[in-house]
Amino acid sequence: MPKEVCGPVLRYIIRRLLQMSGVIVVLSLLLFLWLRSLPGGTVSAILGERATPESRARLEKALGLDEPIYLQYFRFVGRALRGEFGASTGVLPGRDAFDIFLTRFPATIELSFLAILIAVVVAIPLGYVAARSRGGWLDNASVVASLIGVAVPVFFLAFLLKYFFAIKWGLLPVSGRQESLGCTRVTGFFVLDGLLTREFDCSWSALRHLILPAFALASIPFAVVFRITRAAVLDVLDEDYVRTAEAKGLTKQVIRGRHVLRNAMLPVVTTIGLQVGALLAGAVLTEKVFAFGGIGEALAIAFQMRDYSVLQVLILMAATVFVVVNLLVDISYAVIDPRVRTR
Amino acid sequence: MTFKRKAAPVVALTVAALALTACASSSRDSGTDSSAAAGGTGTFTFGAAGAPKLFDPFYATDGETFRVSRQIFDTLVSIKDGTADLEPGLAEKWEPSADGKDWTFTLRKGVKFTDGTDFNAEAVCKNFERMFDQNEAGAAAAEYWADTMGAFKSDAANSLYKGCKAEGDDKVVLSVTAATSKFPAMLSLTSFSMQSPTAMDKGKANEVAKAGDGFTYPAYSQAPVGTGAFKLEAYDEANKTVTLVRNDDHWGDKAKSAKLVFKIIPDESTRRQELQAGSIDGYDLPNPVDWKGLKDEGNQVEVRPAFNIFYLGLNPKAGNENLKNLKVRQALYHAINREQLVATQLPEGAEVATQFMPKAVKGYNADIKPYAYDVEKAKSLLAEAGATGMTLKFAYPSEVTRPYMPDPQKLYDAIKTDFEAVGIKVETETKPWNGGYLDNVSGSKYDAYFLGWTGDYNSADNFIGTFFGNLKSNRFGTEAQDFGPALSDALKAADAIVDEDERAKAYEDLNKKIMEDYLPGLAISHSPPAIVVSKNVTGLVASPLTAERFASVEVKK
């Protein structure tokens, strides 16, 4: 990037990063108070029927849950600034909550990435073709398909896929991330790990486990990306510069690539960025259906067990990821659209 | 854009990938060959409902942790397969002193831990001293010790445990401060498994520490060393599987399967589907509505003898003065059609309860007759007590199923209808199990509520002692009842009787008194929990304590 571009973009990024940390701090306070105002709590979840007033008191004191809430919050912030998020009490008791995030996050990324990939690879060309053949059978059929994608809840689709492909026809695994093959772990991304260590059966197993949840999860971004692409292409096709390009006698490839698709991509990229939030929400449900060991499944268990440390880390990290992805989307504008850079 | 600039990221990525490939290599074994020794080569894969919390059972309270620990460790006193009765474990026999305060255990000879060190009297004492000597965090985490022994070394005066003395290599004397019926049955609890002192020292087993809102556990908790039929090979947290391999040097019968894999699948219906798909060989607590379907598919549904109690607790401390009147409590009992409830709402094999413990427990009184379903009698008892049309704040938990209570809401609807039929105004309250319900029950917020208990070991004290023994704090508010102190004292006296038969008689009498004269709550039913394995599995012996050992299990292909 030339120097005159770097300056404003850098300032922009710094401003956004500052805003972002403000959002995270406020969220951490709200989250902390909200979790502790929930009925029930860690102690009940751990002791269950066994709880006696003595055992409750002993555990509350040992965990520091008997202290005033503001004191607990200050301690939490103090520890968080040192990078200590506390130990889990429910998901994997004793383990550092941040480690649990690190162990499980690759699973969610792997799943979400494949889902986005499926959605983009199918939806963008389909949206383009549908727009070009506006009103034709292909256009109508794909619009209906995308409507179904929007309307059918992701967990229901997940159940359907699982029922037919895994249970009825036995083509794909029912749940989990990989068979028990004793695979070597390097990055936590199972498909990649298998490739890196040349344990190709591990990659293959991981991929087979990914297919159903990824297709289920892809239904969310697919429908939206398709519809936005189609609408954007329709808009751009009517623009004067496309007509000008045609009049100039440019080849169809050049018009499609440089003028139509590139301009139509702006809203599409924004949409994909915004879809990350929906995707994380969808991942919680999809992971639960497929017992896929990502942060979504951990979140569900942590909530049930009132595992404060893990809930705090997972929700704050999910929020951070959401904000960062949106920042990246805004930056990618600058790359796709030169006008943003000079503004 | 020049070619160079376009190519730069690609080149960088390729270099990074190559670098990663260079430092990542397969660390996979080419296969375990523990099959060389006696036993099969097969793998038994079990669908677990949750992850084991840690591998040191001393700090655990949950069934999923104990299920794994039970395969790795042995206890001094064991439970005979398929029953709730005691049998020799690592101790071949035991003998109490006349006052019941000193117990001499004769240990099995030639037993080794899987790290090669000897199991002997010294190891036993080191285990008990280790359990006794806990820091604040450890003491809060070691719930089973606190529950059964009362206190730790820092508060030795209030502890049931007094000391341990090795007499030679194979004799050990455990001393307690008071005679109790808990001994020696409580030593069968998985929490009190015998672990290698060498490994515990090395892994600093006692260094539990507070971290944020939870505790951290030392390295030992991830590298357990026991004397059991299996040993831990790997815990793949990312893939949620625990792999155990056969301990070929086990002192008893060698395990039939070379490998035992626990696949963690939190959702019950997914466990069922995995069984259907053949990727697991069994799972615990299948939903009773699935039993028939599972059997029809050829699976073996093993219904365990019920070792639990489902009860309707009554608590006058919540403010309903009527509950202090025995006639009102009896009226409530007569109002419930339990025969119908058991037949329509509970799994096959469930029984109407006549007292607060199941039949298998020593001290069960077979002569107690169940309170008959009698609407007219209930109405007249209420009238005699002047409580006709009384209001009852009656609660049930949501978001939970328990072996003794598969569907709380359905059970609630049935009983509520019965109560309303005798003119009681029911105020319905409900909260999630972990979302306030248990807190409210403990905090005496409900007049009436559902709860239950699965026995830890075969002792009457573990049932009625747990329920009514602690006068100041129990969920039946017996402190506010005129019979409360007498009941609590009688329970303590019975617990201290040394002679087994005499003690059983005392508990039988107490059971009768509880049901006829006191009635602090309404014992409803006992429900058998099931475990399911596929048709290829042999050798599984279902345990009433839901404490199966998988050493005898094999999958025939």
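Start with helix 14 (residues 460–468) of chain B. 9 of its 9 residues are buried, so helix 14 of chain B is largely enclosed by the rest of the structure. Buried means that 20 or more other C-beta atoms lie within 10 Å of the residue's own; exposed means 12 or fewer, and partly exposed is in between, with C-beta atoms placed from the backbone. Helices (H or I, at least four residues) and strands (E, at least two) are DSSP runs, numbered from the N terminus.

A word on the model before moving on. It is predicted: local features need pLDDT of at least 70, side-chain atom pairs count only at pLDDT 80 or more, and totals for chains, interfaces and linings use all residues. Residues are numbered from 1 along each chain as its sequence is written, while chains are lettered from A and ligands numbered from 1 in the order in which they are written.

Stay on helix 14 of chain B. Its buried residues include F463(B), I464(B), F467(B) and F468(B). D461(B) and N462(B) are also among them. Now show what covers these residues. The cover includes strand 15 (308–314), strand 19 (448–454), helix 15 (484–495) and helix 16 (500–518) of chain B.

**The open sheet of chain B**

Select the 7 strands in the order 10-11-12-1-13-21-14 of chain B. They form an open sheet with mixed pairing. Two strands pair if DSSP finds at least two bridges between them. Which strands stand at the edges? Strand 10 (230–236) and strand 14 (300–303) of chain B do; each has a single partner strand, so one side of each is left without a neighbour in the sheet. On average, neighbouring strands here are turned by 20° against each other, direction ignored.

Zoom in on strand 13 (residues 282–284) and strand 21 (residues 530–533) of chain B. They pair in the antiparallel sense over 3 bridges. Pick D284(B): its bridge partner in strand 21 of chain B is I531(B).

Helix 2 (residues 63–72) of chain B lies across strand 1 (43–48), strand 10, strand 11 (241–246) and strand 12 (259–264) of chain B. It runs at about 135° to strand 10 of chain B. Angles run from 0 to 180 degrees between N-to-C directions, and axes are lines fitted to C-alpha atoms, for helices over the stretch in contact.

Select strand 4 (residues 91–96) and strand 5 (residues 102–107) of chain B. They run antiparallel, joined by 5 bridges. E95(B) stands opposite T104(B) in strand 5 of chain B. The hairpin has 5 residues between the strands, and G100(B) takes a positive phi near 70° there.

Next, strand 7 of chain B. It runs antiparallel to strand 5 of chain B, with 5 bridges between them. Here T104(B) stands opposite V173(B).

Click on V176(B), in strand 7 (residues 171–176) of chain B. Is V176(B) buried or partly exposed? It counts as partly exposed, with 19 C-beta neighbours inside 10 Å. Beyond its neighbours within four places in sequence, V176(B) is in contact with K101(B), L160(B), Y161(B), K162(B) and F183(B). Contact means C-beta atoms, placed from the backbone, within 7 Å.

**Across to chain A**

Switch to chain A. It has 14 helices and 0 strands. Buried residues make up 40% of its 343 residues.

Select helix 6 (residues 137–151) and helix 9 (residues 200–237) of chain A. They pack at an angle of about 140°, with their axes 8 Å apart. S142(A), S146(A), G149(A) and V150(A) in helix 6 of chain A meet S219(A), F222(A), A223(A), F226(A) and R227(A) in helix 9 of chain A.

**Last stop: where the chains meet**

Show both chains. 60 residues of chain A are in contact with 57 residues of chain B. Which helix of chain A gives the most to the side that touches chain B? Helix 3 of chain A does, with 6 residues.

Finish on helix 12 of chain A. Its buried residues include I295(A), L299(A) and A302(A). R306(A) follows helix 12 of chain A, with a positive phi near 50°.

Notes: Two residues are in contact if their C-beta atoms, placed from the backbone, lie within 7 Å.
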